[in-house]
Amino acid sequence: MKTIFDFRKLLLPVLALTLLIFSACTDTSNQQHTALQTAQVTLFAPTAQPAVVELRSATAGTDQLTFTIAISGLELVSDLTDFDNIICEPYLRTDEHVQFTSYYRESDIPTELGDPILITYAYGGMQAADLQQLHVHVDVTLGPCGPDFHEMSVTPAPRIDPIANYSLSFTVPIED
């Protein structure tokens with residue numbers, strides 16, 4: 001007995017699934033301005049489980065850019081001293097060549113092992129009243145960036161080797 005498969009019976013469900021996936025990918029009514037994004041990494045010290053840096057959110061007004069990143073898998077950071085010595089201040093630039101006059105960082109060291117380190121950066125003093133959006137590029141370096149690299153009159157932090165550099169690029173609309 002020979003069975004012939006009729007592909008026409010499969011066409012309608014496949015078409016419906018395709019339309020459902022397409023509409024989910026293009027529906028922007030409930031999306032945040034910046035979707036979760038994992039940073040591109042350049043490893044300096046290859047490891048089996050490198051830390052992961054993700055962009056969690058980003059917003060911009062006419063005078064301030066704010067974004068939050070999450071760093072997972074970086075157990076070297078156990079207190080704020082470690083934080084300042086291992087997670088360097090990000091290098092930030094925009095395609096629009098916007099200048100920032102102030103900088104603020106808010107962070108918490110996670111209490112549970114395995115939880116990500118959440119860091120919110122706020123860059124203020126920008127003049128962006130005539131812009132509709134910012135194209136932002138951020139480089140985050142994990143490695144030696146403590147006071148031993150800035151001033152010689154302070155007690156140097158414990159030496160660590162460079163770990164990695166992470167690059168994020170995102171566009172954020174400027175809201176009034």
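Residues are numbered from 1 along each chain as its sequence is written. Because the model is predicted, local features need a pLDDT of at least 70 and side-chain atom pairs count only at pLDDT 80 or more, while totals for chains, interfaces and linings use all residues; side-chain values rest on heavy atoms, with hydrogens and water left out.

On confidence, the protein chain averages a pLDDT (the predictor's confidence in each residue, from 0 to 100) of 77, and 72% of the residues score at least 70. Residues 7–33 fall below 50, and beyond near neighbours in sequence this stretch has eight contacts (heavy atoms within 4.5 Å) in the model. Where pLDDT is low, the predicted coordinates should not be read in detail.

The protein chain has two helices and nine strands. These are DSSP runs numbered from the N terminus (helices are H or I, at least four residues; strands are E, at least two). Along the sequence they come in the pattern α-β-β-β-β-α-β-β-β-β-β. Of the 176 residues, 32% count as buried, with buried meaning under 20% relative accessible area, exposed over 50% and partly exposed in between (1.4 Å probe, protein chains only).

Next comes the sheet. Four strands make an open sheet in the order β2-β9-β8-β5, with antiparallel pairing; two strands pair if DSSP finds at least two bridges between them. At the edges stand β2 (40–43) and β5 (91–94), each with a single partner strand, so one side of each is left without a neighbour in the sheet.

Strand β8 (residues 133–142) is joined to β9 (residues 164–173) by ten bridges, and to β5 by four. Within β8, His 137 stands opposite Arg 93 and also opposite Ser 169 in β9. Val 136 has Phe 170 of β9 as its bridge partner. Seven of the ten residues of β8 are buried, so this strand is largely enclosed by the rest of the structure.

That leaves the core. A nonpolar core is a set of buried Ala, Val, Leu, Ile, Met, Phe, Trp, Tyr and Cys residues joined through side-chain atoms within 4.5 Å. The largest one holds 35 residues, and Phe 67, Ile 69, Ile 71, Leu 74, Ile 87 and Leu 142 touch the most other members. At least two residues each come from β3 (52–60), β4 (64–72), α2 (80–86), β7 (117–124), β8 and β9. Leaving aside neighbours within four places in sequence, Leu 142 has contacts including Ala 51, Ile 71, Leu 74, Pro 162 and Tyr 166.
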